[in-house]
Number of protein chains: 2
Amino acid sequence: MAAVDDIDRAIVGVLSRHGRATYAEVGAAVGLSAPAVKRRVDRLLDDGVVVGFAAVVDPGAMGWGIEALVHVYCQGRIAPSALRDAWEPIPEIVSASTVAGTADAVVRVRARDVQHLEDTLERIRGSAAIERTESTIVLSRLIERA
Amino acid sequence: MAAVDDIDRAIVGVLSRHGRATYAEVGAAVGLSAPAVKRRVDRLLDDGVVVGFAAVVDPGAMGWGIEALVHVYCQGRIAPSALRDAWEPIPEIVSASTVAGTADAVVRVRARDVQHLEDTLERIRGSAAIERTESTIVLSRLIERA
DNA sequence: GGTGAAACTGTTCAATC
DNA sequence: GATTGAACAGTTTCACC
């Protein structure tokens with residue numbers, strides 16, 4: 001696991017914005033040849049600095065009209081891995097994290113509509129020893145950066 | 001702007017998880033030839049269903065060690081656009097949304113360390129007519145999907 | 001939406017600084 | 001130890017069916 005240097009950061013910067021850029025294009029942007037870029041990207045993938053590549057999708061256009069932030073309060077102590085295993089099968093969950101604060105975890109959920117959101121919340125609550133949830137509906141996305 | 005059909009959804013599903021998959025690979029997964037996949041992806045890009053492609057980066061490996069969810073309570077009514085303009089220049093903000101609930105907005109912030117986080121929170125508070133903020137520190141990411 | 005052909009890119013190698 | 005440049009396999013991208 002070599003250190004991440006300035007060129008690596010530049011490569012990551014380009015690929016964060018243009019994930020399908022060719023190695024030659026990235027090389028032109030950072031001052032390296034295509035094979036040199038490929039070697040670095042392979043190393044960044046091996047080291048886990050770059051986890052993967054993804055299409056950035058407009059949730060609204062895909063029919064996922066509603067988004068909510070759900071604060072989850074658990075009964076007693078639950079291992080983070082237990083929560084992950086319980087929530088992994090729920091496709092409506094965009095992200096989930098354990099947190100330090102009054103809540104134990106925060107889950108970001110995307111659903112088609114309020115009914116679908118309610119069903120998903122019920123599924124989240126039923127998936128583990130959860131005391132209660134507190135949902136915050138997202139109105140409009142102001143800023144969204146990779 | 002044609003409708004998004006099931007094949008489009010399947011293509012988006014593959015590219016969400018494997019953003020650098022070849023058109024032939026996507027085609028094999030959805031039952032189409034490579035040129036047919038390209039035509040659909042080009043249309044999805046034109047229609048704004050797919051906004052772009054991005055490398056998924058591990059923030060910790062890049063030296064962004066700490067993440068927080070900041071609930072923002074405003075003084076009186078503030079236009080969403082005013083919040084966006086005020087926060088756009090703050091690079092530590094990963095995402096920001098107005099919400100329906102007790103808070104007016106939720107901001108996701110990434111910083112190098114607690115000191116950097118504190119500085120960023122101060123900057124967020126000073127950028128608009130904000131009454132108070134309530135921060136939740138992220139401990140560990142359980143699930144992270146595109 | 002599929003097919004085939006031309007141009008380009010990804011990938012690997014030996015050689016080099 | 002890392003980069004370059006050449007070479008082949010594979011992919012993108014056309015036109016056309």
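In S5(B), B:Glu144 stands opposite A:Ser95.

I note that this is a predicted model, in which local features need pLDDT of at least 70 and side-chain atom pairs count only at pLDDT 80 or more, while totals for chains, interfaces and linings use all residues. Residues are numbered from 1 along each chain as its sequence is written, chains are lettered from A and ligands numbered from 1 in the order written, and side-chain values use heavy atoms, with hydrogens and water left out.

I then took the contact (heavy atoms within 4.5 Å), to which chain A and chain B give 56 residues each. The buried area (accessible area, 1.4 Å probe, that two parts lose on being put together, summed over both) is about 5,000 Å², with 57% from carbon and sulfur atoms. On the chain A side, A:Arg20, A:Leu142 and A:Arg145 lose the most area to chain B, together 17% of what that side buries.

I looked last for salt bridges (a side-chain nitrogen of Lys or Arg within 4 Å of a carboxyl oxygen of Asp or Glu), and the rule finds two across the interface of chain A and chain B. A:Arg145 forms a salt bridge with B:Glu88, where the closest N and O atoms are 3.3 Å apart.

Note on methods
Two strands pair if DSSP finds at least two bridges between them. Helices (H or I, at least four residues) and strands (E, at least two) are DSSP runs, numbered from the N terminus.
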